[in-house]
Protein chains: 2
Amino acid sequence: MGTYKLKNDIKVFKYGNPIETGAVVEEKIKAELENNLDIKFEKGHCKISIKLSSKDMVYGLGGNLGGINKRGRLYESYCIDEPLHIEDRTKLYAAHNFFIISGEKSTGYFIDFPTRIKYDVGYYNENCFNIEICGKDFYLYIIEGKDAKDISNKFLHIIGRSYIPPKWAFGYFQSRWGYRNKEEVKKVYHIFREKDIPLEGIYLDLDYMDDFKDFSISEERFSDLKGFASDLKKDGLYLVPIIDAGVKVEEGYDIYEEGIEGDHFCKDKYGKPYEGVVWPGKVHFPDFMKEETQDWFGSKYKVLTDCGIEGVWNDMNEPAIFYEQEALDEAIQYAEESKGKNLNVFSYFKLKDNFTNLANKDSYYESFYHEIDGKKFSNDEVHNLYGYYMTKSANLGLTKLLRDKRFLLISRASSIGMHRYGGIWTGDNSSWWSHLEQNINMLPSLNMCGFFYIGADTGGFGGNCNGELLTRWLQLSVFTPLLRNHSAVGCNNQEPYVFTEEVLVNSRNLIKARYSLIPYIYSEYMKSVMDYTLMFKPLSFEFGESLAKEIDDQVLLGDQLMIAPVCKPNRRGRYVYFPEKMLEISFLDEDMPTSIKEKGIQYIEYGLEDFKFFIRKNSMIPYVKPSKNVKELDQQNLKVLAYVDDEAVYNLYDDDGQSYDFIEGKNYSTEIKIIKKTDDYEIIVENDNPSIKNISFKIIDSKNNTTHKEISTC
Amino acid sequence: MGTYKLKNDIKVFKYGNPIETGAVVEEKIKAELENNLDIKFEKGHCKISIKLSSKDMVYGLGGNLGGINKRGRLYESYCIDEPLHIEDRTKLYAAHNFFIISGEKSTGYFIDFPTRIKYDVGYYNENCFNIEICGKDFYLYIIEGKDAKDISNKFLHIIGRSYIPPKWAFGYFQSRWGYRNKEEVKKVYHIFREKDIPLEGIYLDLDYMDDFKDFSISEERFSDLKGFASDLKKDGLYLVPIIDAGVKVEEGYDIYEEGIEGDHFCKDKYGKPYEGVVWPGKVHFPDFMKEETQDWFGSKYKVLTDCGIEGVWNDMNEPAIFYEQEALDEAIQYAEESKGKNLNVFSYFKLKDNFTNLANKDSYYESFYHEIDGKKFSNDEVHNLYGYYMTKSANLGLTKLLRDKRFLLISRASSIGMHRYGGIWTGDNSSWWSHLEQNINMLPSLNMCGFFYIGADTGGFGGNCNGELLTRWLQLSVFTPLLRNHSAVGCNNQEPYVFTEEVLVNSRNLIKARYSLIPYIYSEYMKSVMDYTLMFKPLSFEFGESLAKEIDDQVLLGDQLMIAPVCKPNRRGRYVYFPEKMLEISFLDEDMPTSIKEKGIQYIEYGLEDFKFFIRKNSMIPYVKPSKNVKELDQQNLKVLAYVDDEAVYNLYDDDGQSYDFIEGKNYSTEIKIIKKTDDYEIIVENDNPSIKNISFKIIDSKNNTTHKEISTC
C-alpha cells in the first residue's frame with residue numbers, strides 16, 4: 001500500500017497497482033499515513049465495513065436511485081442500460097463512487113476504481129455500511145472536513161472543474177425518439193413558434209441516422225441536414241443529434257472501415273474485433289481507452305459540425321449490448337431441443353429466461369478487451385470508464401472542430417472524471433410520479449460527484465405521460481441546467497401542446513418562466529462550477545434541525561432559493577418544511593404576489609397553473625422578460641426580486657455565453673447590495689456588464705411583506 | 001334497455017342480455033327510468049363519458065393501484081396474474097367495477113359486467129372520465145345518496161354481506177413460498193414460540209403438494225399432514241394450505257380423472273378439455289361456472305379438512321396461464337427459423353418478445369369455454385368471474401365439510417360478489433416502500449367494493465425485504481384484518497427474527513400490539529360487515545376541508561381511530577394532518593403516553609420502536625393483554641383507553657368467534673359510556689358478554705391531557 005496526501009489534506013491510500021482513471025486532477029504527494037478502516041481482502045476483492053450510528057446520514061453516490069440520504073438501500077457501480085428503473089434496482093448508468101458519512105463528524109470517501117463496486121448502505125443491517133470493491137487495485141481517498149458541505153466542496157476541487165456548456169444549452173429543448181424525418185421536426189418547431197412556446201432546439205434521436213450508423217445521415221429522411229440546420233439556426237434553433245457507442249459492422253461503411261484499418265476496435269479473446277449486437281445489428285466498439293482512438297472517433301463528429309451542429313448526445317455507452325451471437329445461438333439451440341417436449345415448469349422458465357436475459361450479460365463484458373498503455377484489460381476490468389472516455393473523445397474532437405466555441409455535450413453512462421468533459425441526462429426514466437420525485441433527490445447527489453449540467457427526461461422517457469405529470473415535472477425542471485422533454489417511440493407524444501389547452505398554457509408559462517430565470521440559473525451554474533460549490537444542496541447542508549435531514553423532496557438552489565415541487569398526482573398543494581423564515585413567490589402572476597412563511601411546516605397551495613418557489617432571507621433573484629430563446633433574452637432591463645431583513649447581496653455572473661474567454665477573466669459581474677434603512681432601502685450596484693442598462697427592484701420587507709419598488713439605472 | 005329500481009331507490013339499466021353474475025343480491029323491480037349519461041355503442045362496445053369538474057373526487061375501483069382518489073390514471077378490469085406492480089400498471093387481480101364521483105353532488109356507479117372494462121379517469125384529459133365496457137350486455141347501477149359515505153353504504157347493502165372468517169383468522173400468520181417440508185415449518189413455529197412472538201398459523205404454499213397437484217400432499221416432504229396439523233393445533237396453531245386453479249393433466253391422478261369423467265373442465269374450440277400450462281405443467285381448468293363442478297371441486301377440499309385444516313387460500317385463479325403449447329411451439333418455430341440468420345434489431349426483438357410475452361395472452365382466454373345454464377361462453381366473455389366462482393365453490397364445499405365452523409378463505413383473483421364467499425390478499429406485491437404506501441390507499445377502496453377480510457403480503461412478496469421495511473409495514477398491517485408476512489422463493493427470508501435483534505424486538509412488540517387490539521379489530525370488522533358500513537374510511541368521508549381530500553396516506557379505522565403509518569425509508573417521523581383535535585397514543589410504552597394534537601399539520605416523531613395511532617375526540621378503544629394466539633386472549637380483564645370531551649360511547653361486539661350462531665343473535669354487546677362530569681367521569685357499562693369480568697379505564701381529558709384512572713367491575 002502506498003500512502004499519499006493531496007495538498008489540501010486529503011489522504012490517499014493506494015492498493016495494488018491501480019489503473020489511472022483520470023478522475024482526480026490534483027497531484028498526490030507521498031506521505032506516511034495509516035488507514036484505520038476495517039478493510040479486508042478476500043478472493044481478490046476488497047471488503048470495507050463501516051459502522052453507522054443511528055444519526056449518520058450518507059450522502060453522495062450520484063446517479064443512483066434512493067433519497068438524498070442513501071441509507072437503507074443496495075447500490076452497485078457497474079454502468080448498465082437499464083430501461084426500467086423500478087424501486088429496487090441497484091444499478092443504473094452511473095458509477096459515482098464518492099460518498100460522505102455525516103453524523104457527529106463527517107468524512108468523505110472516494111474509491112477510484114474503474115469497475116464493479118457493491119454497496120450495502122445499512123440495508124440488511126441498518127448499522128453496517130458494507131462495501132465490496134470487486135478487485136484489489138484501487139485508490140481510496142479519505143476526505144476530512146468540518147461538515148458535509150465542506151467535504152463535498154473539497155472533493156469538487158480535487159476532481160477538477162466541471163464541463164461548461166454554452167449559454168444556449170440552458171434553453172428549453174424538445175426531443176423524441178420518433179421524429180421520423182425533417183418534416184416532423186419542422187412541424188414541432190412550427191407548432192412551438194405558433195403556440196408561442198419558447199424553444200431553443202430539438203434533439204435528434206436515432207431517426208436521423210441511416211440504418212443506425214454513427215456519423216451517417218439518412219438521405220431519405222434527413223437529406224441536406226446542413227441546409228436544414230442552417231435554416232433553423234436563422235431562427236435561433238439548435239439541433240442536437242445522438243451518437244451511439246457501437247459502430248455498425250458493414251463493408252463499405254467508412255467509419256467501420258477506418259476503424260478496422262486504424263485498429264480502433266475492442267478485441268475479442270482471439271484478437272479479432274469484438275462483435276456485439278445493438279441497434280444497427282452487429283457492431284464493434286471503439287476502444288476509447290486508446291488515445292489514437294479517442295482522436296479518431298472525436299474527429300468524426302466533423303460530419304455533424306460541418307452541418308452547423310454544436311451539440312451532441314452520446315448514448316448506449318455503458319456500452320449496452322442487446323446480445324452476443326453466441327448467446328443467442330445457445331438460446332435458439334435450447335429452444336430447438338425443447339421442441340415437442342412436454343416441458344416442466346423449470347425447463348420452461350429456463351427456455352424463456354435464455355431469451356429474456358440476453359441483454360448486457362456480465363459475460364459479454366468479460367469477453368472483450370481494451371488496450372491501455374499497451375496493456376490488455378477486459379472491458380469488465382475497466383467497465384465504468386467506457387462512457388467517460390467516449391465522452392472525453394467527443395469533447396476533445398468537438399473542441400478541436402469548434403475551436404473557441406463551447407458546445408452542448410451529454411452522455412448517458414458516466415463515471416467521475418467524465419464530469420469535466422460533458423453533462424449527463426439521468427437516463428431512460430419513465431412517465432412515473434416516483435421518477436419525478438427521484439429526480440429532485442438526484443440533483444444534489446450528482447452535484448456532489450461533479451456533475452452540474454444535469455437534468456431528467458422531463459415528462460418521462462418510457463410510458464405515457466399525461467398533462468398533469470408534464471406540468472408538475474416542468475415545475476421542477478425549470479430549475480435544472482439541462483431542460484429536455486424527451487419520450488420514446490411507441491409511447492404517446494408529450495410535447496406541451498398535445499394535451500389540453502390548460503396544459504399548453506401552463507407549460508408555456510413555465511417554459512417562459514425558465515427563460516426569465518436563465519440569467520440567474522446561468523449565474524448560479526457558473527459560480528458553482530468556478531468556485532467548486534454545489535448548485536443544488538440538501539436542506540441539511542445548511543440547516544441543523546433533525547427535520548432538515550428527513551426532508552428530501554425539497555432542495556436549495558444556490559444560496560437564494562428553496563424549491564419544493566409537487567411530486568404526487570391529484571394534489572393542489574404539498575407539505576413544505578421551512579427551516580427558516582422564507583418568502584413564497586408566485587412567479588407567474590403579473591404582480592408576483594408574495595407571502596412570508598414562518599419557520600415550521602405548512603401545507604402550501606400549489607396549483608397546476610402556478611409556479612412557486614421560496615426566497616431565503618436577505619436574498620434576491622435577478623430575472624428578465626422571457627423570450628423565445630436565449631439569444632433574444634433582454635438583459636438590458638434586469639429585474640430583481642429581493643427579500644431583505646437587513647442586508648442582501650447578490651453577485652450576478654455573466655459572460656459571452658459561447659466562448660472560453662471567461663477563463664481569462666472576460667466575464668461580467670453585477671454586484672447588487674440592498675441595505676435596509678429605517679424607512680427605505682439603500683441600493684448599491686457595481687456593474688461591469690455592458691448589456692445591463694436598467695435594473696428595477698421589487699423589495700419585500702421581511703417583517704411585513706410590504707413591497708418597495710425602485711428603478712435604478714446603472 | 002330494461003329499467004329497474006332496487007328498493008332503496010337505486011336505478012338499474014339493463015343493456016342487452018347480460019349474464020347474471022350474482023354480484024347484486026337485492027331484487028330488481030321494473031320501473032320507468034331515463035338514463036342521462038353520455039353513452040354510446042360502437043362496434044359492440046359501450047362507451048360512457050362523464051365530465052369531471054376540478055373538485056370531483058373519484059372513489060372506489062377496489063383492488064387497483066393509485067391513490068384513494070382514482071383520478072389521473074388508467075385502469076382495466078381484467079383479472080391478471082401480474083407479478084410486477086410497477087407504477088403504470090393498469091390491471092391487477094381484481095375487477096371491482098364500483099366507483100363514486102363525488103363533488104358538488106355524489107353519484108355511485110356499478111357496472112355489473114363479467115369481463116373487460118377500461119377506465120380513463122381523467123388521465124389523457126383531466127376533465128373527462130371515459131369508460132369502455134368491452135361488450136354490450138351489462139347492468140348499470142346508478143346510486144344516488146347524500147354523500148360518498150352514504151352511497152358506499154347503500155352499495156354494500158345491495159351486494160350482500162361480506163364473508164366472515166373465524167376470529168382466529170385475525171391472528172398473525174407467517175408464510176413463505178419455500179418452506180420446503182414439515183421440518184422447516186416446524187422450525188419456523190419453534191422459533192416464533194422460542195422468541196416469544198405470537199403466531200396463529202402458518203400458510204403452506206405450493207411446497208406441500210406433490211408435483212403441484214391440487215389436493216395432493218407430498219409423501220416425501222409433508223407425510224402425515226393430519227398428524228402434523230393436529231400436533232400444531234394442540235398449541236393453537238393453524239395451517240392454511242394453497243389450492244391453485246389448474247388441475248394437472250396426469251393419468252392416474254384422481255382429481256384429473258374425476259374431472260374428465262364428470263365433464264368438469266373448460267373446453268377448447270374442439271370441445272376437448274382445454275390445456276394450458278401452469279406450475280404443474282399441462283393443466284385443465286375446472287369450469288366453476290357449472291354448479292356440478294362447483295359442488296365437485298368444493299367437495300375435494302375434504303382432503304384438507306380431513307387433516308384438520310380450517311383455512312385455505314385459492315391462488316392462480318385469474319386464471320394464470322404461463323403458456324399454451326401452440327404459442328410456445330410458434331415461438332420455438334420462429335427461433336428455429338432465426339437460426340444462423342444475421343437478424344436485424346426488429347426481428348431480434350420479435351424473437352425475444354415471442355418468449356417474453358407468452359404468459360396470459362388475451363388469445364388464450366378467447367380459446368376456452370365455459371357452460372352457463374347450458375350455453376357456451378368463452379372465458380374471455382366471463383373472464384372476471386373465474387376467481388369469484390372458484391372461491392364460491394370452495395366456500396360451499398368448506399361450509400358443507402365444516403358445517404357450523406367458520407373457516408379462513410382467501411383468493412387472489414376476485415370480482416364483486418365474491419366478497420360474500422371469501423377475503424383477498426392484495427396479490428404478489430414487492431418489498432417496495434411504494435407498495436406499503438399503496439397498501440394503505442387500497443384499504444378503503446376495497447371496503448367500498450365489499451371486501452373486508454383483506455391485507456397485503458406484509459414485508460412484500462417479491463424482492464428482498466429489510467428490517468426497516470418490515471417494521472414499518474407491520475406498523476400498518478397491525479390494523480388489517482388479514483395479517484400475513486409472506487415472501488417468495490428465491491428472495492431473502494423475512495420472518496421477523498431473521499434481521500437484527502432490534503427488528504425482532506420491534507416486530508414482536510408490534511405483533512403483540514395486534515393481539516392486544518384484536519377485540520377492537522374484530523368488533524369493528526363484525527360491526528362494519530353486519531351494518532354495511534366501511535371499516536377503513538378516507539378522511540374525506542368524515543371531514544369536509546379540502547386538505548382532507550388530498551391526504552391519502554392516512555385513513556380512519558372505524559369511528560374511533562386515525563392511522564398514519566410511515567411509508568418512507570430513513571424517516572423517524574412523518575407529516576400528519578389532523579382534521580380535528582385528536583389524541584396521539586404511543587401504544588407500546590408501559591404507561592401508554594398520550595399527547596393532544598390540535599387540528600392542523602404536524603411532523604410527528606414515529607420511530608421504528610414505536611406504535612402510534614390517533615384517537616378521535618369522544619372515542620375510546622378497548623384492548624387486552626397480548627397472548628400467543630387468539631384462543632388465549634384474556635378478555636376477562638378488558639382495558640379501555642378513552643379520549644373524552646363530554647361523552648364517549650363504544651359498543652364492543654363479540655361472539656364465539658367460530659360458529660355462525662351470531663347470525664341468530666348469539667352475540668355479545670358491551671356498551672360502554674363515559675360521561676364527563678365537573679371533576680370526574682361517570683362510567684356506564686351494559687355488558688352481556690360473560691367472558692368480560694373487569695374493565696379498567698384510562699380516560700384522557702380532552703382539555704389538558706390529564707389521565708383519570710378507574711377500575712370498574714362488571
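**Met209(A) makes contact with Ser216(A), Ile217(A) and Ser218(A), not counting residues up to four places away in sequence.** Two residues are in contact if their C-beta atoms, placed from the backbone, lie within 7 Å. The model is a predicted one, in which local features need pLDDT of at least 70 and side-chain atom pairs count only at pLDDT 80 or more, whereas totals for chains, interfaces and linings use all residues. Residues are numbered from 1 along each chain as its sequence is written, while chains are lettered from A and ligands numbered from 1 in the order in which they are written. Met209(A) sits in the loop between strand E15 (201–204) and helix H3 (219–222) of chain A. Helices (H or I, at least four residues) and strands (E, at least two) are DSSP runs, numbered from the N terminus. Met209(A) is classed as buried because 23 C-beta neighbours lie inside 10 Å. A residue is buried if 20 or more other C-beta atoms lie within 10 Å of its own, exposed if 12 or fewer, and partly exposed in between; these C-beta atoms are placed from the backbone. From Met209(A) to Arg420(A), 211 residues apart in sequence, the C-alpha to C-alpha separation is 28 Å.

**Phe212(B) has a positive phi, near 65°, in a residue other than glycine.** Phe212(B) belongs to the loop between strand E15 (201–204) and helix H3 (219–222) of chain B. Its 19 C-beta neighbours inside 10 Å place Phe212(B) among residues that count as partly exposed.

**A cis peptide bond links Glu318(A) to Pro319(A), with omega about -10°.** Pro319(A) is part of the loop between strand E20 (311–315) and helix H8 (325–338) of chain A. Met316(A) also lies in the loop between E20 and H8 of chain A. The phi of Met316(A) is near 55°, a positive value in a residue other than glycine. Met316(A) is buried, since 24 other C-beta atoms are within 10 Å. In chain B, a cis peptide bond joins Glu318(B) and Pro319(B), where omega is about -5°. Pro319(B) is found in the loop between strand E20 (311–315) and H8 of chain B.

**Cys46(A) lies in strand E5 (residues 45–51) of chain A.** With 22 C-beta neighbours inside 10 Å, this residue counts as buried. Beyond four places in sequence, Cys46(A) touches Tyr15(A), Ile39(A), Phe41(A), Ile133(A) and Lys136(A). Cys46(A) and Ile133(A) are 87 residues apart along the chain, yet their C-alpha atoms are separated by 5.0 Å.

**Lys568(A) occupies the loop between strand E31 (561–563) and strand E32 (573–578) of chain A.** This lysine is partly exposed, with 17 other C-beta atoms within 10 Å. Lys568(A) and Glu437(A) are 131 residues apart in sequence, and their C-alpha atoms are 8.3 Å apart in space.

**Ala642(A) and Ala642(B) touch the most other members of the largest nonpolar core, which holds 427 residues.** A nonpolar core is a set of buried Ala, Val, Leu, Ile, Met, Phe, Trp, Tyr and Cys residues joined through C-beta atoms within 7 Å. Apart from neighbours within four places in sequence, Ala642(A) is in contact with Met620(A), Ala648(A), Ile674(A), Phe697(A), Ile699(A) and Ile700(A).

**Helix H9 (residues 345–356) of chain A and helix H9 (residues 345–356) of chain B cross at roughly 145°, their axes coming within 9 Å.** The crossing of H9(A) and H9(B) is left-handed. The contact involves Lys352(A), Phe355(A) and Thr356(A) of H9(A), together with Lys352(B), Phe355(B) and Thr356(B) of H9(B). Two nonpolar, two polar and two charged residues make up this contact of H9(A) with H9(B). Here axes are lines fitted to C-alpha atoms, for helices over the stretch in contact, and angles run from 0 to 180 degrees between N-to-C directions. A crossing is left-handed if the near helix is turned anticlockwise from the far one by less than a right angle. Ala, Val, Leu, Ile, Met, Phe, Trp, Tyr, Cys and Pro count as nonpolar, Asp, Glu, Lys and Arg as charged, and the others, Gly among them, as polar.

**The contact between the chains takes 48 residues from chain B and 47 residues from chain A.** Elements of chain B that each supply at least two residues of the side touching chain A include H9, helix H12 (433–448) and helix H13 (467–477). H9(B) gives the largest share of that side, five residues. The side of chain B that touches chain A divides into 18 nonpolar, 18 polar and 12 charged residues. The copies meet through the same surface, because 98% of the interface residues of chain B are also interface residues in chain A. Chain B is superposed on chain A by a rotation of 180° with 0.0 Å of shift along its axis (RMSD 0.0 Å). That is the relation of a two-fold axis. The superposition is by least squares on the C-alpha atoms of residues with pLDDT of at least 70 in both copies.
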